[in-house]
Amino acid sequence: MKNTILEQENQILKNKIAELEIIVKHYEELFKLSQKKKFGISSEKSLYDQLTIEGETDETAVANPESEKEPPLEVVKEHHRKKRTRKEGLPKDLPVEELTYLPADEDIVCHHCGTEATLIGNEVREELVIEPAKVSLRKHITQKYKCRECEKDERSVIFKTAAPSPVIKGSFASPEAVAYTAHQKFVMGIPLYRQEQEWQRKGVLLPRQTLANWLIAVSETWLFLLADELKRRLLSQTVAHADETTFQVLKEEHKTPQSKSYLWVYRTSGDTNEPIVLAEYKPNRKAKNPAEFLANFKGYLHSDGYEAYHKLPHDIIIVGCWAHVRRKWDSALKMINPADRDGTQELKGKRFCDKMFDIEREIAELSFDEKYEKRLEVLKPVMDEFFAWVDAIRTTPKSQFGRAVGYMLSQKKYLQNVLLDGRLELSNNRAERTIKPFVISRKNFLFANTVRGANAAATIFSLVETAKETGIDPFEYLSYVFKTAPNVDMSNPENIEALLPFGYKNLAKLNPEEAGRR
């Protein structure tokens with residue numbers, strides 16, 4: 001009886017030790033992963049890109065690249081590389097200032113014989129001139145007229161000459177000043193308090209609150225109208241991408257300053273000639289946010305594995321992100337020492353991912369219809385084999401390896417949807433690349449003070465990123481909008497269309513001088 005009790009207690013202790021070992025291993029993996037993220041290479045490019053999945057490569061290959069045998073030298077045809085000049089990196093229409101230095105009469109006399117020398121040519125030295133932002137004051141002077149003839153009949157008729165309307169009524173802000181402020185913050189990542197300091201060094205007192213009020217005013221008056229039209233066009237597409245990131249707002253009703261809010265980003269895919277990026281501020285990460293934004297959207301939506309996207313209506317087909325799958329296998333592989341990785345399941349999973357992305361690169365230039373057929377022929381068998389292999393794996397869900405397996409199985413039906421249409425993409429990297437500039441800028445400005453400021457930030461970010469995707473300069477574009485919008489009928493859809501980035505790009509192509517002047 002006593003031995004039985006001891007055996008039971010011993011078994012309980014063994015089970016407890018096993019549980020603790022799993023927990024310790026879990027936290028060891030988390031620590032290693034955090035160290036890799038903090039000090040390691042952020043790229044997910046595999047060290048085994050030259051290898052394929054297990055069974056298709058030489059099993060004697062060594063996993064550690066440093067210990068691989070040096071490949072035999074290959075003799076290539078001799079060639080000469082064209083020397084790159086400094087001017088290759090400069091625009092062709094760059095203004096040129098020429099300074100010609102003429103000698104005095106006594107300087108062109110030969111110092112040996114005293115004879116006047118003959119000009120035989122010029123020696124040219126080029127410099128790239130960069131001038132910092134200049135500050136000036138522009139005065140709009142309108143002339144007032146009064147009809148003297150009407151004055152005889154005791155009527156007062158006074159009129160004045162026409163002048164352009166200001167971008168912000170009652171403000172001394174010029175279109176260029178507001179565009180520069182927006183460009184510095186949302187393109188260059190310079191927060192308003194640093195811009196305030198820069199203006200102070202130039203002798204101009206422009207408080208950050210004034211700069212913030214400028215951005216809010218132009219967003220609520222002009223840019224919201226353009227963003228609404230961009231949203232209408234985006235929702236008319238049948239392929240889109242979505243992602244979200246945190247965005248702290250200090251003064252928000254029923255929330256503490258430390259609580260998280262979110263910036264949701266939606267954008268077009270690669271199947272359109274008019275790329276659109278739209279950001280929307282929301283106080284939370286609830287599923288109703290994308291559901292409300294995408295209420296009129298029907299088609300394919302690329303996203304990560306966040307559950308909110310899976311609760312969208314059935315006429316929105318979610319396309320999972322294989323880059324997230326690869327990221328999880330990469331994290332699992334990093335838990336193993338490089339010398340011990342050969343033959344592991346983690347390496348096999350990573351090689352499957354590499355194989356799929358290699359296929360995508362090979363068919364990237366095909367038409368959408370050709371890509372659809374090629375995926376069914378080449379990509380689908382690899383994907384099916386990958387899932388069949390993962391289905392047979394039994395592992396603890398808390399390890400990095402278990403997370404990679406669990407993520408694939410939970411996202412299986414969404415990941416397979418990439419095979420439904422040739423316009424779809426293997427990953428949601430397009431949305432992640434779009435949201436990255438905001439994430440980088442957020443590290444500088446940290447937060448928005450008010451909800452109005454957060455909405456303005458989302459709107460300006462939308463127009464700036466759409467301009468960048470369209471291939472136009474955000475500063476020039478915003479300056480054009482702030483000059484033009486106050487002086488046209490913004491209730492006219494044609495004027496709205498002309499002020500979109502695509503309209504500005506067409507105007508700049510047809511008449512660059514007119515685009516710059518307006």
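**Exercise 1. Which residue forms a salt bridge with R125, and how far apart are the closest N and O atoms?**

Solution. 
- Note the source first: this is a predicted model.
- Look for the partner of R125. The salt bridge is formed with E127.
- Read off the distance. The closest N and O atoms are 2.6 Å apart.
- Check the setting. R125 and E127 are both exposed.

**Exercise 2. Find the partner of E131 and state whether the two residues are buried or exposed.**

Solution. 
- The partner is K134, in a salt bridge with E131.
- Here the closest N and O atoms lie 3.0 Å apart.
- Both residues, E131 and K134, are exposed.
- Now take the whole structure: a search finds 28 salt bridges.

**Exercise 3. Explain why the pair R233 and E497 ties together parts that are apart in sequence.**

Solution. 
- Start with the pair itself. R233 and E497 form a salt bridge, with 3.6 Å between the closest N and O atoms.
- Place each residue. R233 sits in helix α5 (residues 208–235) and E497 in helix α16 (residues 493–499), so the pair links parts that are 264 residues apart in sequence.
- Classify R233. Its relative accessible area is 14%. The cut-off for buried is under 20%, so R233 is buried.
- Classify E497. Its relative accessible area is 43%, so E497 is partly exposed.
- Widen the view. R233 and E497 belong to a network of salt bridges that also links E229, R232 and E274.
- Side chains of opposite charge can pair when their charged atoms come close.

**Exercise 4. Determine how α5 is oriented relative to α15, and list the residues that make the contact.**

Solution. 
- Take helix α15 as residues 474–484.
- Compare the axes. Those of α5 and α15 come within 11 Å and cross at roughly 105°.
- Apply the cut-off. Angles of 65 to 115 degrees count as roughly perpendicular, so α5 is roughly perpendicular to α15.
- List the contact residues. α5 contributes V218, L223 and L226. α15 contributes Y477, V481 and F482.

**Exercise 5. Identify the residues that form a nonpolar surface patch with L94, and locate L94.**

Solution. 
- The patch consists of L90, L94, L128 and I130.
- Together these residues have about 380 Å² of accessible area.
- Locate L94: it lies in the loop between α1 (2–39) and β1 (144–146).
- Classify L94. With a relative accessible area of 35%, L94 is partly exposed.

Conventions
Residues are numbered from 1 along each chain as its sequence is written. This is a predicted model: local features need pLDDT of at least 70, side-chain atom pairs count only at pLDDT 80 or more; totals for chains, interfaces and linings use all residues. Side-chain values use heavy atoms; hydrogens and water are left out. A salt bridge is a side-chain nitrogen of Lys or Arg within 4 Å of a carboxyl oxygen of Asp or Glu. Buried means under 20% relative accessible area, exposed over 50%, partly exposed in between (1.4 Å probe, protein chains only). Helices (H or I, at least four residues) and strands (E, at least two) are DSSP runs, numbered from the N terminus. Patches are made of residues with over 30% relative accessible area and no salt bridge: like charges are joined within 9 Å, nonpolar side chains (Val, Leu, Ile, Met, Phe, Trp, Tyr) within 5 Å. Accessible areas come from the Shrake-Rupley method with a 1.4 Å probe; for residues, only the protein chains shown count as cover. Axes are lines fitted to C-alpha atoms, for helices over the stretch in contact, and angles run from 0 to 180 degrees between N-to-C directions. Angles under 35 degrees count as roughly parallel, over 145 as roughly antiparallel, 65 to 115 as roughly perpendicular and the rest as oblique. Contact means heavy atoms within 4.5 Å.
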